[in-house]
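Opened the model today to go through a few spots one by one. Jotting things down as I look them up.

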Amino acid sequence: MFGSFPIIACVATRDPEDAKKFYRDVLGLPLIREDSFALLFDANGTTLRLTIVQDVAPAKYAVAAWQVPDILAAVNYLEKAGVKIKKFPNFKDQDERGIWTAADGSRVAWFTDPDGNMLSMTQPTGKL
C-alpha cells in the first residue's frame with residue numbers, strides 16, 4: 001500500500017537557524033516552508049523534514065543519504081564549505097579523503113550536520 005505514496009525523510013534539529021544555514025546554504029536544498037515545529041526542504045522531489053526538538057540523539061549511522069555522480073567532487077565541495085568528512089578507524093578501505101569503497105565498487109563518504117546527525121553520500125557503480 002505505501003509503495004504508491006511519497007515518502008518524507010525526517011531528521012531532528014535543536015537549532016533551526018543553524019540547520020537552515022547548513023541544509024539550505026551548504027547543501028543547497030530549497031527551503032519549502034518553516035514554522036515553529038519544523039523546516040521543510042525539497043531534496044530533489046523528496047521532502048526532508050527537520051523536526052525541531054529540545055534534544056537530538058544523533059544516531060551512529062546515516063539518517064539520510066544522497067546518490068552523487070562524482071563523490072570526489074562532492075567531498076571537495078563539502079570540505080571547501082567547512083564540512084569534515086568522517087573517518088572510521090575500522091574501515092580498512094576508507095582512503096585518506098574519507099571515501100570508502102564497498103565490495104561492489106560503490107564509493108561512500110559520511111559527514112554530519114550541525115546537530116551531529118550522520119549523513120552520507122554514495123557514488124554507485126555504473127550510471128545513476
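Predicted model: local features only at pLDDT ≥ 70, side-chain atom pairs only at ≥ 80, totals over all residues.

I picked out Phe-2, which sits in the segment before β1. Its relative accessibility is 65%, so I put Phe-2 down as exposed.

**Sheet.** Next I traced the strands. Four of them make an open sheet, ordered β1-β4-β3-β2, with mixed pairing. β1 (8–13) and β2 (31–34) are the edge strands, each pairing on one side only. From one strand to the next, I get a twist of 20° on average. I then checked how β2 is held to β3 (residues 38–43): the two run antiparallel and three bridges join them. In that stretch I found Leu-31 opposite Phe-41 of β3.

**Helix α1.** What does helix α1 lie across? Residues 16–26 make up α1, and the helix lies across β1, β2, β3 and β4 (46–52). Against β3 it runs at about 5°. I listed the buried residues of α1 as Ala-19, Lys-20, Phe-22, Tyr-23 and Val-26. After the helix comes Gly-28, and I noted its positive phi, near 80°.

Side chains of opposite charge can pair when their charged atoms come close.

- Lys-20 and Glu-34 meet at 3.0 Å, N to O. This pair links distant parts of the chain, with Lys-20 in helix α1 and Glu-34 in strand β2, 14 residues apart. Lys-20 has a relative accessible area of 9%, so it is buried, while Glu-34 is partly exposed at 38%. Glu-17 joins these two in a network of salt bridges.
- Asp-115 pairs with Arg-14, with the closest N and O atoms 3.9 Å apart. They are 101 residues apart: Asp-115 is in the loop between β8 (107–112) and β9 (118–123), Arg-14 in the loop between β1 and α1. Buried or exposed, Asp-115? I have it as buried, because its relative accessibility is 5%. Arg-14 is partly exposed at 43%.
- Asp-25 bridges to Arg-24, with closest N and O atoms 2.6 Å apart. I marked Asp-25 as partly exposed at 45% relative accessibility, and Arg-24 as partly exposed at 34%.

How values were computed: Residues numbered from 1 in each chain as written. Heavy atoms only, no water. Pairing = 2+ DSSP bridges. Helix = DSSP H or I, 4+ residues; strand = E, 2+ residues; numbered from the N terminus. Axes fitted to C-alpha atoms, helices over the stretch in contact; angles between N-to-C directions. Contact = heavy atoms within 4.5 Å. Buried < 20%, exposed > 50% of the residue type's maximum accessible area, 1.4 Å probe, protein only. Salt bridge = Lys/Arg side-chain N within 4 Å of Asp/Glu carboxyl O.
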